[in-house]
Amino acid sequence: MSQARRAKLHAVLRSNFDLGDLATASLLQESVAVDRTAVDFYHFSRQLNQLLNDESRRRLVRMMWEVVYADGRVNELEDNIIWRVADLLGVTTRQRVELRQQIAPERAVLPAGLAGRHSYQGAAPVATKSS
């Protein structure tokens, strides 16, 4: 993770959960340990679905976009991870794209024909043949 993303993750957690610097650093340390043993997103998303309401789930996806865009770029893997987590949290494609647009509006425009697909970063518009 880039330094810009680490700093953004710290800031996002601190401000969204009203944590102090020490508590935020401790949470991040714990998360690294948990990440090492994680095998899928379902385990975490199931727990989050039990604890969070719809608005809080959308807020979580928005925070993910904030961290990913901290250094100004998103690769296909990151885009795919956010899509999968959002899907597991019950955040619709439309909501996920709207949240992305709030963070990086110039990068979140869907090419023609891809509105229903999960991964659109860097994809070319779909050409159609005229009859």
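This is a predicted model: local features need pLDDT of at least 70, side-chain atom pairs count only at pLDDT 80 or more; totals for chains, interfaces and linings use all residues.

Student: What makes a residue part of the lining?

Tutor: A lining residue has an atom within 4 Å of a point of the pocket. For the largest pocket, 38 residues form the lining, and its volume is about 1800 Å³.

Student: Which helices supply residues to the lining of the largest pocket?

Tutor: Helix 1, helix 2, helix 3 (42–51), helix 4 (54–68) and helix 5 (76–88) each supply at least two residues. Helix 2 gives the most, namely eight residues. By class, the lining has 25 nonpolar, five polar and eight charged residues.

Student: Why is helix 4 called roughly antiparallel to helix 5?

Tutor: The axes of helix 4 and helix 5 cross at roughly 170° and come within 10 Å. Angles over 145 degrees count as roughly antiparallel, and therefore helix 4 is roughly antiparallel to helix 5. Val61, Met64, Trp65 and Val68 of helix 4 make the contact with Glu78, Asp79, Ile81, Ile82, Val85 and Ala86 of helix 5. These residues divide into eight nonpolar, no polar and two charged.

Student: How do you know that helix 1 and helix 4 are roughly antiparallel to each other?

Tutor: The axes of helix 1 and helix 4 cross at roughly 150°. The cut-off for roughly antiparallel is over 145 degrees, so helix 1 and helix 4 are roughly antiparallel to each other. Their axes come within 8 Å, and helix 1 passes helix 4 in a right-handed crossing. On the side of helix 1 the contact is made by Arg5, Lys8, Leu9, Val12 and Asn16, and on the side of helix 4 by Arg59, Met63, Glu66, Val67 and Val68. This contact has five nonpolar, one polar and four charged residues.

Student: Why is helix 1 described as oblique to helix 2?

Tutor: The axes of helix 1 (residues 3–16) and helix 2 (residues 21–37) come within 10 Å and cross at roughly 120°. Roughly perpendicular covers 65 to 115 degrees, and roughly antiparallel begins over 145. The angle of roughly 120° therefore makes helix 1 oblique to helix 2. Helix 1 passes helix 2 in a right-handed crossing.

Student: Which residues make the contact of helix 1 with helix 2?

Tutor: Leu9, His10, Leu13 and Arg14 of helix 1 meet Asp21, Thr24, Ala25, Leu27 and Leu28 of helix 2. By class, these are five nonpolar, two polar and two charged residues.

Technical notes
Residues are numbered from 1 along each chain as its sequence is written. Side-chain values use heavy atoms; hydrogens and water are left out. Axes are lines fitted to C-alpha atoms, for helices over the stretch in contact, and angles run from 0 to 180 degrees between N-to-C directions. Helices (H or I, at least four residues) and strands (E, at least two) are DSSP runs, numbered from the N terminus. Angles under 35 degrees count as roughly parallel, over 145 as roughly antiparallel, 65 to 115 as roughly perpendicular and the rest as oblique. A crossing is left-handed if the near helix is turned anticlockwise from the far one by less than a right angle, and right-handed if clockwise. Contact means heavy atoms within 4.5 Å. Ala, Val, Leu, Ile, Met, Phe, Trp, Tyr, Cys and Pro count as nonpolar, Asp, Glu, Lys and Arg as charged, and the others, Gly among them, as polar. On a 1 Å grid over the protein atoms alone, a cavity is a set of points where a 1.4 Å probe fits but cannot get out, and a pocket is an open set with protein on both sides within 12 Å along at least five of seven lines; lining residues have an atom within 4 Å of a point. Grid points are joined across faces, edges and corners, and a volume is the space filled by probe spheres set on the points.
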